[in-house]
Amino acid sequence: MTKIRVYELAKELNITSKELIKRISDLDLDINSHMSTVEKEEAELIKELLGSEVDSNEKNVKEDDNIEDIEAIEIEENIVVKDLAEKLDVTPSEVITKLIPLGIMANQNQAIDFDTASIVAEEFGVSIKPIDIEKDSEDIGIDLDFEDDSKDLKPRPPIVTVMGHVDHGKTSLLDAIRKTAVTEREAGGITQHIGASTIRIGKEKIVFLDTPGHEAFTTMRARGAQVTDIAILVVAADDGVMPQTVEAINHAKAAEVPIVVAINKIDKPTANPDRIKQELVEYGLVSEDWGGDTICVPVSARNNEGIDELLEMVLLVAEMQELKANPDRKAVGIIVEAELDKGKGPVATALVQKGTLRVGDVVVSGTSHGRVRAMIDDKGKRVKKATPSIPVMILGLSEVPEAGEYIYVVDNEKKARHYTEIRKEKIREEQMKASQKVSLDDLFEQIQSGEVKELNVIIKADVKGSVEAVKQSLAKLETEEVRVNIIHGGVGGITESDVMLASASNAIIIGFNVRPTLTAIDISKRESVDIRTYRVIYDAIEDIESAMRGLLDPDIVEEAIGRAEIRATFKVPNVGMVAGIYVLQGKITRSSKVRLLREDVVIYEGDISSLKRFKDDVREVQSGYEGGLSLENYNDIKEGDIVEAYILKEVKR
Ligand SMILES: Nc1nc2c(ncn2[C@@H]2O[C@H](COP(=O)(O)OP(=O)(O)OP(=O)(O)O)[C@@H](O)[C@H]2O)c(=O)[nH]1
């Protein structure tokens, strides 16, 4: 049932809320006059009963309460008694006294809702109205950040991320870089892990992010922030381009960040830098000495070879990017890491993007705010200020902000608190909007309304051939309204990283004969990323084509009901292979359909032929229990395989 606020109804009737409440109780209706809202029907009834009476009294009311002359004061949805008193220019105890007849025993630090506040305010002859969140957040946005005049811009150090396949030497390279660049003066400092570090080369500085590149990219980009200026792609010269190398390339490309390639481990006898360059061509990275524009530097992180040259190249690329910021203004930065420290309370590392952050500044970041109590740099030193690009750990925040959130300096703590209130509201709105990400189900409407002009797709498959085949077929689906963009294709299961990339790029994920990991499923739900898995390429193409035309049929969708791990296998004469299972999540039922997964690749899809607990046949085995299972006409079951159980349901689109 729809509810109407007493305060709004009073406004409509042109009387005060207090007056309205009094009249409702005079009318002797079965309505609780202390409620801050009434049902819509009740409101209609009240209007009918009071309408004419109110009209004739209108003038008196206005004169009596004398509130029209005073401009309405804006207050938040919930306001602390003390703050309300301040706004009304009375003492907190005066407010508390007015609350008692309303049946509210509050102390000065307790919050009351808007409607109660409006009744109290009227007692003091003041009219209040709720803050216009939309308008206000815009105002505040302008207040927090603004375009700088180009004449105020000064060069700033580049912020660099190191990316690459596992074991290709990301950590070793970062270590080698730090060692090479440590100057005499800094040598005494103990490096502190704050999530990013600054190194000095002559007069220049470079800032390195510690977080593995693609995580830094995706979590931040998913929140709309972009911190990285340049990506160093590490490729081991003895191993070549591997799945995570490709992933890194696609992440950097999606974020439009230039790549400098470090061909690592050239000290190894099996190193073959030319083969790496050859392999990179396939991904659009053509080395300079081969006529392209990708800088490739051979290095050995182990022997400190080529590091100077690599850093020089990074500075060169930075120079071409003309990275600039205005250092003389209120600071704006991005949080790259944050945690709750037992001794220090909430701590967060911020990279200043523009302006200069100083100890004593009042800051807000998402729903966290506070006065900067102290700042610590990556050498563990206390510093008083941080200029553009420079990472510092900040102490003094009210709560742990999220990585990827912006942090702004504001005028005073009151403004900071006010902003966090608005942010909380925004976050609720954003959570609602998250469900508006692209999905096949509503693709057509989104195309029609002009919301989607490009359909971004990530393809994961069990073999490389499928990835290529899908890419080619999808490219043919382009229409005038919508372009199909394959932002990443790779071999293997659907991982957390795929989901984060999809979320950051508003993409859907298509899997062939592969399945998402449990974490990937969790995150996809949180980030509202649409994951579709198929066994046949044709089905996928058909689905996307129909979705683009708004022709998706009512569909049979599957609902995952549980997962179990194969803990042991036994050959049983006349039965075949029987597997000892442990149910990890949900349940496995005798009638459910199942998939057998090996490293997230689907190797069997079908039915269960028997399900047991000890010696007994059972209908289901629940999470946390062991059982035995065999598959219909299938015996290639191995320890470590995963059984995924699901049921099929018909849904209307
Ligand atoms: N020979 C040789 N070995 C290297 C070189 N750089 C790194 N390694 C070795 O390669 C292995 C992996 O190096 P890491 O730096 O841990 O690689 P990583 O990419 O950070 O690995 P993850 O953090 O697991 O993704 C280690 O055993 C290093 O000692 C190099 O230049 N030459």
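**Entry 1: the cavity**

I started with the lining of the largest cavity and asked what gives most to it: strand 23 does, with three residues. I kept in mind that this is a predicted model. Next I looked up how much space there is, and the largest cavity holds about 40 Å³. I also counted how many cavities reach 30 Å³ or more, and the tally came to one.

Then I wrote down the residues around that space. The largest cavity is lined by A331, V332, G333, A350, V352, L357, V363, I407, Y408 and V409. Going by element, strand 15 (332-341), strand 16 (345-354) and strand 23 (406-410) each give two or more residues to this lining. I sorted the lining by class as well: nine residues are nonpolar, one is polar and none is charged.

**Entry 2: the ligand**

I moved on to the ligand. How many residues surround the ligand? I got 15, and the closest are K170, T171, S172, D267 and A301. Helix 8, which covers residues 170-181, gives the most to this shell, with three residues. By class, I noted two nonpolar, seven polar and six charged residues in the shell around the ligand.

I then checked oxygen atoms of the ligand against polar atoms of the protein. Here is what I jotted down:

- A polar backbone atom of A301 sits 2.8 Å from an oxygen atom of the ligand.
- For G169, I again found a polar backbone atom, with a ligand oxygen atom 3.0 Å away.

Taken alone, the ligand exposes 650 Å², and the protein buries 72% of that.

**Entry 3: R515**

My last stop was R515. I found R515 in the loop between strand 26 (507-512) and helix 17 (518-527). Is R515 buried or exposed? Its relative accessible area is 6%, and buried means under 20%, so I put R515 down as buried.

I also wanted to know what the side chain of R515 makes a polar contact with. The partner is the side chain of T533, at 2.6 Å.

**Recap for myself**

The lining of the largest cavity has no charged residues. The shell around the ligand has six charged residues. R515 is buried, and its side chain makes a polar contact with that of T533.

Methods: Residues are numbered from 1 along each chain as its sequence is written. This is a predicted model: local features need pLDDT of at least 70, side-chain atom pairs count only at pLDDT 80 or more; totals for chains, interfaces and linings use all residues. Side-chain values use heavy atoms; hydrogens and water are left out. A residue is near a molecule or strand if one of its heavy atoms lies within 4 Å of it. A polar contact is a pair of N or O atoms within 3.5 Å; within protein, one must be able to donate a hydrogen and the other to accept it, and residues adjacent in sequence count only if both atoms are side-chain atoms. Accessible areas come from the Shrake-Rupley method with a 1.4 Å probe; for residues, only the protein chains shown count as cover. Helices (H or I, at least four residues) and strands (E, at least two) are DSSP runs, numbered from the N terminus. Ala, Val, Leu, Ile, Met, Phe, Trp, Tyr, Cys and Pro count as nonpolar, Asp, Glu, Lys and Arg as charged, and the others, Gly among them, as polar. On a 1 Å grid over the protein atoms alone, a cavity is a set of points where a 1.4 Å probe fits but cannot get out, and a pocket is an open set with protein on both sides within 12 Å along at least five of seven lines; lining residues have an atom within 4 Å of a point. Grid points are joined across faces, edges and corners, and a volume is the space filled by probe spheres set on the points. Buried means under 20% relative accessible area, exposed over 50%, partly exposed in between (1.4 Å probe, protein chains only).
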